[in-house]
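User: I would like to learn how to read the features of this model one at a time. Could you give the general idea first and then the case at hand?

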Amino acid sequence: MIQKLTEIRCADAPPPGGHYAQAVLHRDTLYVSGQLGVTGDTPDAELVSIADQVAFALSNIEAIAHVVGAAKEDVIRCTIYVPNVEHWGDVNRAYAAFFDTHRPARSIVPSGSLHYGALVEIEAVVAVS
Amino acid sequence: MIQKLTEIRCADAPPPGGHYAQAVLHRDTLYVSGQLGVTGDTPDAELVSIADQVAFALSNIEAIAHVVGAAKEDVIRCTIYVPNVEHWGDVNRAYAAFFDTHRPARSIVPSGSLHYGALVEIEAVVAVS
Amino acid sequence: MIQKLTEIRCADAPPPGGHYAQAVLHRDTLYVSGQLGVTGDTPDAELVSIADQVAFALSNIEAIAHVVGAAKEDVIRCTIYVPNVEHWGDVNRAYAAFFDTHRPARSIVPSGSLHYGALVEIEAVVAVS
């Protein structure tokens, strides 16, 4: 093993709730752990709309990307886990509002019930210059 | 942000049905969005067999890879989402028929019901020279 | 297509049960296929605890990484599929015990029922020097 991986810590996103880093940097690619749609300032996930959860989760990814100098336009791919596929339209709208003209590669994956009853979880791969 | 990501457009695969690019290129790696087993020429997904849906989804990935000069032998990894794990054998057979001697890394993920009632969705990571 | 991908074979992890390589190497990144928590020496997955299944799956990933000279400290990201999200705590504990001070990026994805009735499946991205 060579010490080539950098574990990222970001005070502007929720601290890890388990044994993982918020993100890990490998050369010019940042792998961001699954982010829920919660912030330190918001109530429980179950009290927040799906649109807001998408916005919060993406803002968490953006904050983590900022730590290594990347922006939301540098997001290469998002994988979006949603327990209820009926939320597809709401997820897509909130996601489009966040990314504006930037369109990462994306998969929306219907999952089982998420931890804490969250309505959405989003992980990302980000390009770092 | 530096303009280093290239959003890929491919006329030979279904146009995006939401806010995403069919694929995004980051240096020598192409990230292909989840592809359903439909084409512009085929009927609704629900009328197509699981084997054909696998073949169509993989053909869509291949067509998108062609845009950046890559071939199916350049597929590094596929993640296959299937709502019904009883389809595992059919998926594996159709997948093997498509890739022949090439064996990408792979995970078959039992998911919830997919958008449009699709029986399979496949995303991929592809090597670009 | 240029022959740039290397399919990895590892005798110390279960042989592929379908049309996939245990892992594929692309430049300095190793993509490991989803690993179940079984080994050639263990009984059926359904007889093994969730904690042991996590440990076995991660040991399989480690063995595969060794083939290209990587160690568990080189794991960049794990995606963990669990059919029963109530296992979250047990998964996290067994995962922490395995990785010790190393904390890869991670998502725990509640999935449908896994192949062979497995309680967990783990895929990984690994850095290779």
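Analyst: Of the 129 residues in the largest nonpolar core, the ones that touch the most other members are A:V120, A:V126, B:V120, B:V126, C:V120 and C:V126. A nonpolar core here is a set of buried Ala, Val, Leu, Ile, Met, Phe, Trp, Tyr and Cys residues joined through C-beta atoms within 7 Å, and a residue is buried if 20 or more other C-beta atoms lie within 10 Å of its own, exposed if 12 or fewer, and partly exposed in between, with C-beta atoms placed from the backbone. This is a predicted model, in which local features need pLDDT of at least 70 and side-chain atom pairs count only at pLDDT 80 or more, while totals for chains, interfaces and linings use all residues. Residues are numbered from 1 along each chain as its sequence is written, and chains are lettered from A and ligands numbered from 1 in the order in which they are written.

User: Which residues is C:V126 in contact with, leaving aside its neighbours within four places in sequence?

Analyst: Two residues are in contact if their C-beta atoms, placed from the backbone, lie within 7 Å. By that criterion C:V126 is in contact with C:L30, C:V32, C:A65, C:A70, C:D74, C:V75 and C:I76.

User: How does the span of helix α1 of chain C agree with 1.5 Å a residue?

Analyst: Helices (H or I, at least four residues) and strands (E, at least two) are DSSP runs, numbered from the N terminus, and the expected span of a helix is 1.5 Å times one less than its number of residues. For the 18 residues of α1 (residues 50-67) of chain C that gives 26 Å, and the end C-alpha atoms are 26 Å apart, which agrees. Buried residues of α1(C) include C:F56, C:L58, C:I61 and C:A65, and among the elements that cover the buried residues are β3 (29-36), β4 (75-82) and α2 (88-99) of chain C. After α1(C) comes C:G69, with a positive phi near 85°.

User: Which residues other than glycine have a positive phi, such as A:Y116?

Analyst: Most residues other than glycine have a negative phi, and most peptide bonds are trans. A:Y116 has a positive phi near 65°; A:Y116 sits in the loop between β5 and β6 of chain A and, with 14 C-beta neighbours inside 10 Å, counts as partly exposed. A:R27 is another case, with a positive phi of about 50°, placed in the loop between β2 (23-26) and β3 (29-36) of chain A and partly exposed, with 14 other C-beta atoms within 10 Å.

User: How many residues does the contact take from chain A and from chain B?

Analyst: The contact takes 24 residues from chain A and 25 residues from chain B. Only 8% of the interface residues of chain A are also interface residues in chain B, so the copies meet through different surfaces.
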